[in-house]
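Please keep the picture in view while I talk.

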Amino acid sequence: MDAVPRIRAAHWTDKEPVAALIADALHTHPVAAWLVPEPAPRRRILTDVLAIWIEHAMFFGDIYLTDDHTAAAVGFHRYRPIPLPANYGIRLPDAAGEHAGRFVLLDHLMSAQQPTEPHYHLAFLAVAPTAQGTGRGTALLEHHRSRVDRIGLPSYATPVSDATTLYRRYGYTPRRTVTLPGGPTIHPMRRNLPPGSGTWPLNASNIDSPGHSQDRVI
């Protein structure tokens, strides 16, 4: 197994590479195919839509990635309701074109499943296809677990189906599934705080943040 590169907080200049990385990792997944049925433009559309949310995470969450840009985790601090990205009603149709309605429907269906109390939303954890099986996803989940335990927040995630076993190892348990109309089933998962962990908001000031820093799309 390759040594896992250092994990660091993302910078503003990382937002486009992170969007491209996640699109590359997810464009063959059934949810991506449901969002954009045509294979040819799918990766480009995913990248453009993801870029909106990656930028948003710079303000309402955080992004961590490996130094070699082969794996990244994107999350949102949901201490309270957070807004949509700036000018989302204009930017989403520009990015997704005729597929924008499917992205909106996906967000609506998934939002109905999210916890209502303060939590950390692990929106994306992606490893580049060329780096899968090298321990990068495990390292990012370990890094994530140590952070949410320290700040005292439960965590919510929507991993792709073949990653649920890995998430279970880190304390995530299934919630009610979501089946897209005429499409695949998504498996939301939740991780409660282990006994003895800190409780938000008493130690929320300890949260790591890249300095700039919301939600999921796929």
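Strand β3, which covers residues 71-78, pairs with strand β4, residues 119-127, in the antiparallel sense and over 8 bridges. Two strands count as paired here if DSSP finds at least two bridges between them, and the strands themselves (E, at least two residues), like the helices (H or I, at least four residues), are DSSP runs numbered from the N terminus. As a reminder, strands of a sheet pair through backbone hydrogen bonds, either parallel or antiparallel. Within this pair, G75 stands opposite L122 in β4.

Before I go further, a word on the source: this is a predicted model, in which local features need pLDDT of at least 70 and side-chain atom pairs count only at pLDDT 80 or more, while totals for chains, interfaces and linings use all residues. Residues are numbered from 1 along each chain as its sequence is written, and side-chain values use heavy atoms, with hydrogens and water left out.

Stepping back to the whole sheet, it is an open one of 7 strands with mixed pairing, in the order β1-β2-β3-β4-β5-β9-β6. Because β1 (7-9) and β6 (173-174) each have a single partner strand, they stand at the edges, and one side of each is left without a neighbour in the sheet. Helix α1, residues 15-26, packs on this sheet and touches β2 (61-66), β3 and β4, where contact means heavy atoms within 4.5 Å. The direction of helix α1 makes about 70° with that of β4; for such angles, axes are lines fitted to C-alpha atoms, for helices over the stretch in contact, and the angles run from 0 to 180 degrees between N-to-C directions.

What does a residue of strand β3 have around it? Let us take A73, which lies in that strand. A73 is buried, at a relative accessible area of 8%, and the scale is that buried means under 20%, exposed over 50%, and partly exposed in between, with a 1.4 Å probe and protein chains only. Setting aside neighbours within four places in sequence, A73 is in contact with D62, I63, Y64, L122, F124, L125 and L140. The C-alpha atoms of A73 and A9 are separated by 9.7 Å, although these two residues are 64 apart along the chain.

Now to the charged side chains: the structure holds 12 salt bridges, a salt bridge being a side-chain nitrogen of Lys or Arg within 4 Å of a carboxyl oxygen of Asp or Glu. In one of them D67 is joined to R6, with the closest N and O atoms 3.2 Å apart. This pair links distant parts of the chain, since D67 sits in the loop between β2 and β3 and R6 in the segment before β1, 61 residues apart. D67 is partly exposed at 37% relative accessibility, whereas R6 is exposed at 52%.

Another salt bridge joins the side chains of R8 and D14, at 2.9 Å from N to O; R8 is buried at 13%, and D14 is buried as well, at 5%. A further one joins E55 and K15, at 3.8 Å from N to O, and it too links distant parts of the chain, with E55 in helix α3 and K15 in helix α1, 40 residues apart. Finally, salt bridges that share partners join R6, R8, D14 and D67 into one network.
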